[in-house]
Amino acid sequence: MSDNPDLSLPAKAPSMARYHDDPMTLHPAALYALVDLTDAEFGDLERECEAGCIDTGNEPGTSVRLAPRPRFVGQPLRAVFDYHLELGTQNTFEPRYFVAAVEKDWQTKGVILVTLDDDELDCNVDSFRIKAVDAGLSVVNLQIGNSSWVEEKDGYEFHLDNGDGGGDNGGDNGGNDDDGSDNGPPAPTKNIPLGYYIPIYIHSVLSEDEVTANLEPAFKKKSPEDVACRVQAKLTPASSASDTASVQDLIQQAAALHPLCCAKNPYLHKTYILVIDTADPVENGMLMVKLPSWDASRAGTAEKTGLRRVGEELALATSQHIRIPYSCHDGLQTRFLILANGDADWPPEDVRTQPVFVVFQYNTHGKELGFGANSVDPGAAKRKPGEERLVYAPAVVKRPGHGLERIAWNYDEAVRRFPWFCWEKRFVEGLDKTFFICVDGDDVAKTGLLLVRRKWDGNVWGRTWDELLGLPVDGVKDVRVPIKEALALLERGRKGETEGMSESLKDFFS
């Protein structure tokens, strides 16, 4: 057999036009070989081609699978092409793409990825050499439209004569490559006392300098090399995407870039990132994102092509996120740094969905804000930021454009300002926007406290201070209950579970 297999293919595959109007399928790509591989070697090859897909949750055999007739030993690639045209009509394998090992040493020389119908849908045939470990994910990205044929070829093609199989950049290490916008700003020369730099990915309309100045603690007192907040890239949302799809799209964009950015700046936090996904973060906040586990050691050793692949795997995996305030104290310091420093774990779903209630405190004769919290919620003292069940309204608030304002709380002010305070605390997950608590005396252990219900639409997004304070006050009810029973009653009553309650409580929750 020749050491140089015949890889020539026809320029077109006209029969592929039959699939142009078919719905998208996710059949596995067929795997072939022009060399003599044992069953065990074929198994190794199949597992390698699918490795990235399995890491993102796919079942073995669903992305790349041995063709019914996988061996074309000593034959030209055209023989595989002809066979695959027939195989595609059976609707069990991906008709447009297939993978072929054309050398025994596929571990270092890669495999051939073939398309029978490229991006133009003109039935154009094309192929390129790709590392086996990248082949399966390339096919999946093409199938779901996450990437184009041209993009996959530009990103992952490599040539045997470059000596390293390093792809389009000749094997440059990602940590030493400063030539593109996809791997972040200039890298610092040393770490900072915090122990890591904070990676931030921002909406394309925002200013990097303004974001850094808004989020960095004591920004004006720091020299540039001591600034922890580092904007890594600007992200452009898909113009036609829904709000939910846009959020996921920008998280995926950030995740895809992050390994490259970590290669350039090895001091970036590897797991937690900030994504500012909106043109108006003051109103809409920002996203604290926890990336799936990945081998961060590769950021210091892998080639740029390999890091791109790691990024694609991260983008396809499920990242967790929480929307937090766009502010240095309430957002970065109170929420992000506590998790990134390891002082708290990412909150589990049951904690994130538990109800949180607003508390107004007045007539307590100088008692510290938070008076009664441990009686209402015995676990309050042990809860970490993001786990609170109660949110107390302060006596001094900052009104946009008007400076600080002191509020003399009483029952009427609590009722009137409740929608506004829900807006103030709009980033508290689980905040109940119907019921609240009034700690209205300094002897509530004996007298009990007030549960209050105010009906309104509960919408806190895109509304002004004056609008919320001017809402009609309708449907207000209250009832006095023992302080230690308040939280349990609210939890049950808000769900309509009033069996065994007094008539006054049933009326309150009705």
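Reader: Does α1 pass α4 in a left-handed or a right-handed crossing?

Author: A crossing is left-handed if the near helix is turned anticlockwise from the far one by less than a right angle, and right-handed if it is turned clockwise. Here α1 passes α4 in a right-handed crossing. This is a predicted model, in which local features need pLDDT of at least 70 and side-chain atom pairs count only at pLDDT 80 or more, while totals for chains, interfaces and linings use all residues. Residues are numbered from 1 along each chain as its sequence is written, and side-chain values use heavy atoms, with hydrogens and water left out.

Reader: At what angle do the axes of α1 and α4 cross?

Author: An axis is a line fitted to C-alpha atoms, for helices over the stretch in contact, and the angle between N-to-C directions runs from 0 to 180 degrees. Helices (H or I, at least four residues) and strands (E, at least two) are DSSP runs numbered from the N terminus. The axes of α1, residues 39-55, and α4 cross at roughly 55° and come within 6 Å. That makes α1 oblique to α4, since angles under 35 degrees count as roughly parallel, over 145 as roughly antiparallel, 65 to 115 as roughly perpendicular and the rest as oblique.

Reader: Which residues of α1 and α4 meet?

Author: Contact means heavy atoms within 4.5 Å. On the α1 side, Leu45, Glu48, Cys49, Ala51, Gly52 and Cys53 meet Ala132, Val133, Ala135, Gly136, Leu137 and Val140 of α4. By class, this contact of α1 with α4 holds nine nonpolar residues, two polar and one charged; Ala, Val, Leu, Ile, Met, Phe, Trp, Tyr, Cys and Pro count as nonpolar, Asp, Glu, Lys and Arg as charged, and the others, Gly among them, as polar.

Reader: How does α4 (residues 132-143) pack with α9 (residues 304-316)?

Author: Their axes lie 11 Å apart, at an angle of about 50°, and α4 and α9 are therefore oblique to each other. The crossing of α4 and α9 is left-handed. Asp134, Leu137, Ser138 and Asn141 in α4 meet Thr305, Arg309, Glu312, Glu313 and Leu316 in α9. That contact of α4 with α9 has two nonpolar, three polar and four charged residues.

Reader: How far apart are the axes of α7 and α9?

Author: The axes of α7 and α9 are 7 Å apart, and the two helices pack at an angle of about 145°. The crossing of α7 and α9 is right-handed. Among the α7 residues that take part are Gln252, Ala255 and Ala256, and the α9 residues include Lys304, Leu307 and Glu312. In classes, the contact of α7 with α9 comprises nine nonpolar, two polar and three charged residues.

Reader: Which residues lie nearest the centre of the second largest pocket?

Author: On a 1 Å grid over the protein atoms alone, a pocket is an open set of points with protein on both sides within 12 Å along at least five of seven lines, a cavity is a set where a 1.4 Å probe fits but cannot get out, and lining residues have an atom within 4 Å of a point. Of the 24 residues that line the second largest pocket, Asn146, Glu151, Ala256, Leu257 and Glu312 lie nearest its centre. α7 gives the most to this lining, with six residues. The volume of the second largest pocket is about 670 Å³, where a volume is the space filled by probe spheres set on grid points joined across faces, edges and corners.

Reader: What is the volume of the largest pocket?

Author: The largest pocket has a volume of about 1500 Å³. Its lining has 45 residues, with Pro325, Asp330, Glu424, Lys425 and Val428 nearest the centre. These lining residues divide into 22 nonpolar, seven polar and 16 charged.

Reader: How many cavities of 30 Å³ or more does a search of the whole structure find?

Author: The search finds one such cavity. The largest cavity holds about 80 Å³ of space, and its lining includes Thr334, Arg335 and Ile338.
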